[in-house]
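Colleague: I'd like to learn how to read a model like this one. Could you walk me through a few features?

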Amino acid sequence: MCIGKLFQACCRHQARRSGILQHACQSLNSAPGRNYTSCPYKAVIFDMGGVLLPSPFRLAAEWEVRNGVSPGTLLQALISGGENRPWTRFLRAELSPEEFLHEFGQQCSEIADSSIPVASFFSALTSKATSKQLPVMTEAIKCIRTEGLKTAVLSNNFYLHSGESFLPLDRKQFDVIIESCREGISKPDPRIYKVCLERLGVQAKECIFLDDVGQNLKTAVQLGIKTVKVDDPDLAVRELEACLGFPLQRFIPYTRPVRPTMEIPKEPLQKYLEGVLGALAEGPLLLRQFSHGQSNPTYYVRFGDHQLVLRKKPPGKLLPSAHAVEREYRVLKALADAGIPVPKVLSLCEDSSILGTPFYLMDYCTGRIFKDPSLPGLEPSQRKEIYAAMSRVLCQIHSVDIKAAGLEDYGRQDNYIQRQVQTWSKQYRATETHAIPAMERLMAWLPTHLPASQQLSVVHGDFRLDNLVFHPDNPEVVSVLDWELSTLGDPLSDVAYSCLAYYLPSHFSILKGLSDCDLSLLGIPTPEEYVRLYCDHVGIPPIENWNFYMAFSFFRVAAILQGVYKRSLTGQASSATAESSGRQAELMAELGWDFATKEGFRVFKGLSVPRPPGTQAGPSPSPRRSYATGPHPRPAPASKSHLVISPEGLPGRVQELHRKLERFMDVHIYPAEQVLRDHQAAQSRWTPHPLTEELKDRAKSEGLWNLFIPAESDPDLKYGAGLTNLEYAHLCELMGTSLYAPEIFNCSAPDTGNMEVLIRYGTEAQKERWLQPLLEGKIRSCFAMTEPQVASSDATNIEASITEGKGIYVLNGRKWWISGSLDPRCQLCIFMGKTDPSAPRHKQQSMLLVPMNTPGITVTRPLTVYGLDDAPAGHGEITFESVCVPQENILLGPGRGFEIAQGRLGPGRIHHCMRLIGHAERALSLMKERVTSRTAFGKPLAEQGTIRAAIAESRVEIEQARLLVLKAAHLMDVVGNKEAAPEIAMIKVVAPNMALRVIDRAVQAFGAAGLSSDYPLAQFFAWARALRLADGPDEVHRAAIAKMELKR
């Protein structure tokens, strides 16, 4: 998504995509004019060995020849022996690799009547040389996914010695991966096919399955799945192609079959092409439509040996200045003649009788296009060269002699910025749906801070890294794309626009950013360095009013996004992502205001104002921790660039989450509290109440799920909402107003901490087995560290033992206060014990993933907190007696337990403090309701002086504690958990003690009712008091604070 596309969606003005495509591609062999949109299938399922990878049976035969083994020995061993043969049991993970090789070796030796080195065969089978994905299948998968179908792997697979499954494939190619060793069932068992269909979300008749084993295909047919037998991969792909009805070879990225409403007559086009290309034009005509073109339809054209791009006006009545393909053609031709690397235009046809509307042709550009500004896969030195080339080509564009190029009338030559501000202010007013305070400020500020003077040049209007085509091997721009917003104007607007990515996060939906990336580690120049490069190339002094140009760029994008959003509400937006894109307008406006403001515009709102690029003598300094919230070297997105002290200051997306959460609490949580409190005192309290699961399903459906996972741990948004710690703090406080809310949103301890451990430290196999069901809320978990016989606040005191055995670890020990362990849904325990008591103190401990149904685990009793047993989760005392778990269940490795324990206390370590603010707010709210409705000694309680003093004290203490909690979260975001350690320790002391005092005052105002289960106050009080121990004793935190203070 880029500004050009949004502009078209908003205004239907100009045109989109001048000829973009990534990588060189060849022709597609398909019947001209075929309509592929009638494909009846929704998914294609691939076997691995023999389909995606070379056949293991063929590899076995070749290995036998090389090693002098009787032909057919391995094949006979692989297929004979029924369901209990070693191979089948190995595929179901019933045998470890060592056990399999032992039994399989015996089986092969019996068949061959001689010793067979099966370990050598296993190594050959899993080697890199023999486990490369077949190129014909890789290309087919790209084509299938381009057409919108899902893909899956359904493989009889096994675990390696490392504990990982054997899957030498790029997982990003597939929506679903099903492996027999993880499921415990293998093909041809019908159950594993059904698992695959369920996870794909499709019916059997909507799938095609490719396998090289007849019995596996037979089961699929019986289930109603269309099948393709793979003996020869090339032939199989052709058969699959016939079934799907679209080509699976010679992939053209970013294209799709021509939409029915966008079809163009081929015969007139072919005659026109013959006239333009002359005698060299012969062969079949192939058309594909670029998926990017929304305003001006854009097509890939293959005619003989020629690869072209065709852009045309859309049909129907158009505004006079809209969809000006003639203008695009003109600027491309003029710039090419001036030596600027742009697509070569071949012909402009203004005769509407040929294709219905005017169009032009240009060469199909080949090379590298970088969609991710962090340039993954390149070396740091290569990244630096790419950004230098980007700066150089922008200088080339701005250096074009307008008069010599014949572009003097390409746009007005005066007051470019002023006219742009007026245009986009007017556009914003016309599409305004709700108040965006930052936009109001920008519209007032920009006209009064216009540059005193402006240079004039050709401006691109949408200059970004992903609009450049680079040479396949060299850091050289071979083509600049996307010229529909070009005009004459201030060149610095292009420079600023090209820097937008520096201030956006890497997971931003519209444009991937760099704000959360380590630029020095990547080798990417900072924005200061990048702009200094531009200034040096052009020969101009540093840009003093740089903040203005950045503010203007974000303002412009915000206005466009607002237009897209308004059109999405009326059903007119031309993009499926229009609504989600439009909602980012507030974020863009806030970032613009960050640059426009020299100092904070809100109390305690520390604003990050960067130095004007080009003025800094050296690289940007690394972020350093400061006890005061102040400027940082590089602004980050929205709430990461300043301390947001109220929900109203959050980015638009997070404000919407907060509003949804607040509504959910009011409508669903608070009304359910008494039912759930009563259930906790009932005989059936150790069974979760059905209402809880019902509310969890509802919360998940509304997108209020797994909000706790920080963006830093989940940059690709695979698991959560991608919130910063500061953003989540506001949501977590709201959840804290009810004891039942965190679980309903899958944001409750200890699951949150355990999920963070798995995200940070788990292997892919561990994540698939345990993290996925935890994220889905299908299971719960517990964390076993605290022990009754030692002071467990010091993790090095832990005495439980972990002893290494043959392929296993044996656990022994006694643990208590294991929260969640009595819950019938608790299936996983993360166990901490000592693997090497003789190692250095912080290297003695290890952590293991222990299934709760493992023999030797006994929950001896539930523990109570002030008489409350906290059913159904509970707090168990557990004995571990000779508990055996596989070695692959260890986290990170032996001796890494203390390291994980500290990491586990990352973002999750302040969630309790955030929730305690919510406890206190709810207690004060209930107190105010109580004292305004009760009378004693002749007047309302609210008029009693002691009550008013208590209310005032509570409000003061809540505000103080909240600010400290928010400051800690903010520092965790901008300087890291380690540097934020003092604030984290402070809030551990302040938050529970504050909450105890506030809740105690509320209980006093309620009288005896405050002690009952008719209100949440008693439970609030118990939890607040418990957290002065559970989250680390006050004494430990105070000692840490004093130690750090003395070092200042």
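Modeller: Happy to, and keep in mind that this is a predicted model. Let's start with a helix pair: the axes of α26 (residues 725–735) and α32 (residues 945–974) cross at roughly 145° and come within 8 Å.

Colleague: Which residues of α26 and α32 meet there?

Modeller: From α26 you have Asn 725, Leu 726, Ala 729, His 730 and Glu 733. On the α32 side they meet Arg 962, Leu 966, Ala 969, His 970, Met 972 and Asp 973. Sorted by type, the residues of this contact come out as five nonpolar, three polar and three charged.

Colleague: Now sheets. How do strands hold on to one another?

Modeller: Strands of a sheet pair through backbone hydrogen bonds, and the pairing is either parallel or antiparallel. Here, five strands make an open sheet in the order β3-β2-β1-β4-β5, and the pairing is parallel. At the edges sit β3 (176–179) and β5 (226–229), each pairing on one side only. On average, neighbouring strands are turned by 20° against each other, direction ignored.

Colleague: How many bridges join β1 to β2?

Modeller: Four, between β1 (residues 43–46) and β2 (residues 150–155). For an example to click on, Val 44 has Thr 151 in β2 as its bridge partner.

Colleague: And what packs on the sheet?

Modeller: Helix α9 (residues 190–200) lies across β1, β2, β3 and β4 (207–211), at about 155° to β2. Helix α10 (residues 214–222) touches β4 and β5, and its direction makes about 165° with that of β5.

Colleague: How do I read which side of a helix faces inward?

Modeller: In α7 (residues 135–146), the buried ones are Val 136, Met 137, Ala 140, Ile 141, Cys 143 and Ile 144. They cover an arc of only 165° around the axis, so they sit on the same side of α7. These buried residues pack against β1, β2, β4 and α11 (233–244). After the helix comes Gly 148, with a positive phi near 90°.

Conventions: Residues are numbered from 1 along each chain as its sequence is written. This is a predicted model: local features need pLDDT of at least 70, side-chain atom pairs count only at pLDDT 80 or more; totals for chains, interfaces and linings use all residues. Side-chain values use heavy atoms; hydrogens and water are left out. Two strands pair if DSSP finds at least two bridges between them. Helices (H or I, at least four residues) and strands (E, at least two) are DSSP runs, numbered from the N terminus. Axes are lines fitted to C-alpha atoms, for helices over the stretch in contact, and angles run from 0 to 180 degrees between N-to-C directions. Contact means heavy atoms within 4.5 Å. Ala, Val, Leu, Ile, Met, Phe, Trp, Tyr, Cys and Pro count as nonpolar, Asp, Glu, Lys and Arg as charged, and the others, Gly among them, as polar. The expected span of a helix is 1.5 Å times one less than its number of residues. Buried means under 20% relative accessible area, exposed over 50%, partly exposed in between (1.4 Å probe, protein chains only). The arc is that of the directions from the helix axis to the C-beta atoms.
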